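Please keep the sequence and the coordinates at hand while reading.

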Amino acid sequence: MISVRHLTKLYRNGRGVKDLTFEVGEGEVFGYLGPNGAGKTTTIRNLLGFLRPDGGSCSIDALDCWREADSIQRFLGYIPGEIAFIDGMTGAGFLELLADMRQMQDRTRIQGLTERFQLDASGRIRRMSKGAKQKLGIVAACMHDPGVMVFDEPSAGLDPLMRRIFVDFIAEERRRGKTILMSSHDFDEIEDTCDRAGIIREGVLVDVQDIRALKERQRRVFVVTVASGEDAEYLRKTGLELAELEPLRFEAIVHGNVDRFVKALAGCTVNNLELRDMTLEEVFMQYYGEGRLP
Amino acid sequence: MNLALFRASLRSNWVLLLVFTVISTAYLVMILSMFDEEHLKQIKGAIEMAPPALSAAVGMDVIPTTLTDFAANYFYGFLVQLFLIVHVLILPARLVVRHVDRGSMSYLLSTPNSRTTIAWTQAVYMAASLAVMAVVMTTTALAFSESQFPGVMDVPAFLSLNLATFLVSLAMAAVSFFFSCIWSETKHAVGCSTAVLVSFFVLTLVGRYGHHEGFYGVAGKVSIFQLLPARAIVSGETNMLVNDGILIVLIAVFVVGGVYAFSRRDLPL
């Protein structure tokens with residue numbers, strides 16, 4: 001459905017994307033991961049037809065993203081990475097403008113989405129909070145019930161509760177057979193919503209992975225605090241990959257399946273157990289550390 | 001052309017249109033109200049008794065004695081140019097480059113309208129708003145002059161003068177629109193437009209200073225205001241078909257060029 005073929009677009013500062021190739025199948029939710037400045041937004045700008053490729057091409061539903069951008073927009077929903085609306089307008093006025101520009105007759109979906117995301121669109125956009133603006137962006141992108149959606153960091157600025165509602169929304173759209181490409185630098189969000197993820201670094205797609213496979217290979221770090229010296233001694237003998245942070249407090253590194261780790265812990269008294277969050281950078285380091293990638 | 005966008009542009013820019021229309025119209029009416037034929041004739045008579053070289057040196061050899069010429073001399077030859085320059089520096093920037101600079105253009109382009117349609121709609125709004133301003137100014141001035149000085153105004157000459165003024169305003173707006181289409185930042189677009197349009201104005205002043213001779217004369221001739229010889233239009237000395245034709249060509253070139261450039265360029269959205 002979304003096809004990127006040997007796409008190259010370089011900016012004068014050397015940033016951009018180089019010879020990028022990937023496909024997003026119909027009905028698939030594709031996560032697009034990478035640190036800031038890696039080329040996520042450049043790819044998306046090409047998909048929207050804002051940039052003319054230096055080389056290669058991209059297409060959505062067999063329509064060329066540069067030459068046929070306006071036809072693609074009939075069935076495409078887009079959330080920009082940077083939220084900026086027309087100033088001096090109310091949220092409702094803005095949605096009305098987009099609906100008119102799309103020549104939409106039926107406004108019931110706007111109403112439904114507004115309620116779902118608990119958006120108060122009556123006020124002036126300028127006075128809205130960052131979260132409210134982001135919700136407005138979501139409603140604006142989905143009001144015409146598009147079959148294909150391209151979201152650039154869609155949940156930025158949403159509180160955890162809203163983020164949950166958004167993740168549920170994506171899951172529902174996926175069940176309805178929508179094709180979705182969303183970029184993020186939040187691994188969890190991609191994990192919760194996507195089937196596959198592409199990882200981009202310095203303009204080059206370093207890997208495309210099945211989310212389930214990615215999860216299985218994911219390295220987790222637990223911080224375990226045990227009750228006594230005997231427990232500590234026991235833990236050392238289990239053969240877990242451990243690092244002693246301070247007496248009785250260990251950092252355990254677990255690859256993939258946690259079963260062996262949990263069973264090992266059952267043999268001693270555990271006073272505290274924490275899961276340390278892995279940043280995207282650590283997820284990346286894990287990739288590079290495995291020596292699979294350049 | 002997208003009607004919904006046109007209406008949105010009107011909603012965001014009607015205040016600008018109102019302010020410039022009111023200021024220009026009020027100024028024009030004020031100048032017309034100062035017309036006093038008897039008084040001007042007396043001055044002219046007095047000047048004619050002085051040596052011609054002296055009156056020319058102080059710029060008094062060209063005292064207008066008809067209402068139409070009076071308006072041409074004191075409003076269309078100078079003041080209106082300033083108002084129009086300021087207006088067309090602001091308007092096209094608000095219509096195009098500001099949306100790119102702020103990022104709201106990405107929403108306009110996320111509707112099934114091509115870039116050509118979006119840019120063209122904005123150009124149409126720009127032309128329409130300048131036309132509204134010209135029509136309000138012209139009709140108000142005519143109504144006022146008919147009520148104060150019935151039958152004095154040379155209506156065909158006055159209409160020709162206003163048509164040329166409108167075309168000059170649109171040509172300047174087209175230049176500003178072109179810069180608005182090729183730049184991504186408002187300050188760059190407005191900077192370029194200011195450089196060009198203010199140069200026209202300064203060149204005209206310089207040209208006038210030298211009484212149309214030598215270097216000064218050449219300076220005055222390269223300005224767009226050369227195509228708006230207000231008093232010559234009133235006296236019927238110029239063939240306005242040619243001038244208006246040149247202006248229309250300029251408008252077409254810059255608007256079409258701007259729309260084309262906008263449809264082909266990279267947008268940082």
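Predicted model: local features only at pLDDT ≥ 70, side-chain atom pairs only at ≥ 80, totals over all residues.

Which helix gives the most to the lining of the second largest pocket? That helix is H1(A), which contributes four residues.

- The volume of the second largest pocket is about 630 Å³.
- Its lining comprises 30 residues, and those closest to the pocket centre are Thr41(A), Thr42(A), Arg45(A), Glu82(A) and Asp152(A).
- Both chains take part: helix H1 (40-48) and helix H5 (130-142) of chain A, as well as helix H6 (97-102) of chain B, each provide at least two lining residues.
- By class, the lining of the second largest pocket has 10 nonpolar, 11 polar and nine charged residues.

**The largest cavity**

- Two cavities of 30 Å³ or more are counted, and the largest cavity holds about 80 Å³ of space.
- The residues lining the largest cavity are Val80(B), Leu84(B), Leu130(B), Met133(B), Ala134(B), Met137(B), Asn162(B), Thr165(B), Phe166(B) and Ser169(B).
- H5, H8 and helix H9 (155-182) of chain B are the elements that give two or more residues to this lining.
- Seven of the lining residues of the largest cavity are nonpolar and three are polar, with no charged residue.

**Packing of H5(B) against H8(B)**

- Helix H5 (residues 79-95) and helix H8 (residues 115-148) of chain B have axes 10 Å apart and pack at an angle of about 150 degrees.
- An angle over 145 degrees counts as roughly antiparallel, and H5(B) and H8(B) are therefore roughly antiparallel to each other.
- The crossing of H5(B) past H8(B) is right-handed.
- On the H5(B) side the contact consists of Val80(B), Leu84(B), His87(B), Val88(B), Leu91(B), Pro92(B) and Leu95(B), and on the H8(B) side of Gln122(B), Tyr125(B), Met126(B), Ser129(B), Leu130(B), Met133(B) and Met137(B).
- This contact of H5(B) with H8(B) contains 11 nonpolar and three polar residues, and no charged ones.

**Packing of H5(B) against H9(B)**

- H5(B) and H9(B) cross at roughly 35 degrees, and their axes come within 8 Å.
- The crossing of H5(B) and H9(B) is right-handed.
- H5(B) makes the contact through Val80(B), Leu84(B), Ile85(B), Val88(B), Leu89(B), Pro92(B) and Ala93(B), while H9(B) supplies Thr165(B), Ser169(B), Met172(B), Ala173(B), Ser176(B), Phe177(B) and Ser180(B).
- The contact of H5(B) with H9(B) has 10 nonpolar, four polar and no charged residues.
- Val80(B) and Leu84(B) of H5(B) take part in the contact with H9(B), in the contact with H8(B) and in the lining of the largest cavity.

**Packing of H4(A) against H6(A)**

- In chain A, helix H4 (residues 108-116) and helix H6 (residues 160-175) pack at an angle of about 140 degrees, with axes 11 Å apart.
- H4(A) and H6(A) are therefore oblique to each other.
- Arg109(A), Leu113(A) and Arg116(A) of H4(A) meet Ile165(A), Asp168(A), Phe169(A), Glu172(A) and Glu173(A) of H6(A).
- The contact of H4(A) with H6(A) comprises three nonpolar and five charged residues, and no polar ones.

Terms used: Residues numbered from 1 in each chain as written. Chains lettered and ligands numbered in written order. Heavy atoms only, no water. Axes fitted to C-alpha atoms, helices over the stretch in contact; angles between N-to-C directions. Parallel < 35°, antiparallel > 145°, perpendicular 65-115°, else oblique. Left-handed = near helix turned anticlockwise from the far one by under 90°. Contact = heavy atoms within 4.5 Å. Nonpolar A, V, L, I, M, F, W, Y, C, P; charged D, E, K, R; others polar. 1 Å grid on protein atoms, 1.4 Å probe; cavity = no way out; pocket = protein on both sides within 12 Å on 5 of 7 lines; lining within 4 Å. Points joined across faces, edges and corners; volume = space filled by probe spheres on them.
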